[in-house]
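Subject: Structure handover

Hello,

Here is the structure I said I would pass on. Please open it and keep it beside this email while you read the notes below.

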Amino acid sequence: MRVVMMGTGAFAVPTFRALLDSRHDVAGLVTQPARAGPAGHRPPPSPMRVLAEQSNTPMLAPEKVNTDSAWAELAAWEPDVLVVADYGQILAAATLEVARLGGVNLHGSLLPKYRGAAPVNWAIYHGESETGVSVIQMTPRIDAGPCLAQASTPIDPDENSIELEARLAQLGAPLVLATIEALAAGRVEPLPQDPGLATPARRLRKSDGLVDWSRPAQAIKNQIRAMEPWPRTYTFWQRAEGDAVRLILGRARVRADDASTWQGLQKPIVPGTVLGAKEGLLVATGQGVLEIESLQPAGKRMLGAAEFLRGHPMKPGERLGKEEGGRRKEE
């Protein structure tokens, strides 16, 4: 089979490497154009570009892939199939038709659950205990084509989205190869998705990282795991004296404690109230107590809770929550 790989992010790398190591002919890579970084800073090359250069694989990086000029360049490679993973552009029907067998896509969920740009993040956010990967026959509708293969895996309760996505990328690579072999042999059995079971996994927004402390402790822990590497999970320390300080939250765990029984604080205890701030940072939530194990003042490095509290003394009874009035202090 003559294959064109289409991918940009790290999720696509294991599949690209597996194709290069297979018996199939990888005609080229289509990836997103390199983007300029802030003034004076050159961003590191994408891992897909690095692998293409190491393997001497021809590469295209059109600003818009659904154009006559891009179609002409793709057609010159005479692909049998397009293999798409973490590419970053939606493919029109005419783009898919450039390849004799169309396109297959590796998606990081068990479709039809979590269709969209951030399936790994939203699976963790919603507290799923299992997820997986799907290889689908591509159609112009996003993530809606029939499934050609799937594989599942449990989600570790402490795993964040970076760690889970890396595992899913490894899980998906042999599944893509098996699908290509089935296509070559003419023995694929497409399974239509049930649209009634579809759930969205939209692109993340910065506001998705803001903690609502009225949610249960477990839900906030899931949010912290889910919002890596962007937008991160954050809150504002409403200090008894001075401006609010923005804090990025790292690891956390759910405590067995019940905030309502906490001594020395005015009852009822409001979600977001600091319960303890010595060796660990304990915070009341809408249901249960969350222990923040690491956190980062904006612009600084991530610190263990004990180290942070030595340099930034907090008092029980102070609040974490939304930024309120006054100037934010970016400590």
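Apart from its neighbours within four places in sequence, G172 is in contact with T15, L106 and V133. This is read from a predicted model. G172 is found in helix α6 and counts as buried, because its relative accessibility is 0%, where the cut-off for buried is under 20%. The C-alpha atoms of G172 and G132 are separated by 8.4 Å, although these two residues are 40 residues apart along the chain.

Two packed helices are described by the angle between their axes and the distance between the axes. Helix α1 (residues 13–20) packs with helix α6 (residues 161–185) at an angle of about 35°, and their axes are 8 Å apart. The crossing in which α1 passes α6 is right-handed. On the α1 side, the contact is made by P14, T15, A18 and L19. On the α6 side, the residues that make the contact are A169, Q170, G172, A173, V176 and L177.

Strands of a sheet pair through backbone hydrogen bonds, either parallel or antiparallel. With strand β4 (residues 81–85), β5 pairs in the parallel sense over 3 bridges. In this pairing, V83 has V104 in β5 as its bridge partner. With strand β6 (residues 130–137), β5 pairs in the antiparallel sense over 4 bridges. There, the bridge partner of H107 is S134 in β6.

Another part of the model holds an open sheet of 4 strands. Which order do its strands follow? The order is β10-β13-β12-β11, and the pairing is antiparallel. The edge strands, each pairing on one side only, are β10 (252–255) and β11 (274–277). From one strand to the next, the twist averages 20°. Strand β12 (residues 281–284) and strand β13 (residues 289–292) run antiparallel and are joined by 4 bridges. Within that pair, V283 stands opposite L290 in β13. Helix α7 (residues 217–226) lies across β10 and β13, and runs at about 170° to β10.

The last topic is aromatic rings. The count of aromatic pairs comes to 3. One of them is W122 with Y125: the ring centres are 5.1 Å apart and the planes are at 75°, so the pair is edge-to-face, the cut-off for that being over 60 degrees. W122 and Y125 are 3 residues apart in helix α5 (residues 119–125), about one turn of the helix. Both of these residues are buried.

Y234 and F236 are also edge-to-face, because their planes are at 85°, with the ring centres 6.2 Å apart. Y234 is buried, with a relative accessible area of 8%. F236 counts as buried at 5% relative accessibility.

R246 lies over the face of Y234, 4.4 Å from the ring centre. The charged end of R239 sits over the ring of W237, at 5.6 Å from its centre.

Regards

Conventions. Residues are numbered from 1 along each chain as its sequence is written. This is a predicted model: local features need pLDDT of at least 70, side-chain atom pairs count only at pLDDT 80 or more; totals for chains, interfaces and linings use all residues. Side-chain values use heavy atoms; hydrogens and water are left out. Rings of Phe, Tyr and Trp (its six-membered ring) pair if their centres lie within 6.5 Å; planes under 30 degrees apart count as stacked, over 60 as edge-to-face and the rest as tilted. Helices (H or I, at least four residues) and strands (E, at least two) are DSSP runs, numbered from the N terminus. Buried means under 20% relative accessible area, exposed over 50%, partly exposed in between (1.4 Å probe, protein chains only). A charge sits over a ring if NZ of Lys or CZ of Arg is within 6 Å of the ring centre and within 35 degrees of the ring normal. Two strands pair if DSSP finds at least two bridges between them. Axes are lines fitted to C-alpha atoms, for helices over the stretch in contact, and angles run from 0 to 180 degrees between N-to-C directions. Contact means heavy atoms within 4.5 Å. A crossing is left-handed if the near helix is turned anticlockwise from the far one by less than a right angle, and right-handed if clockwise.
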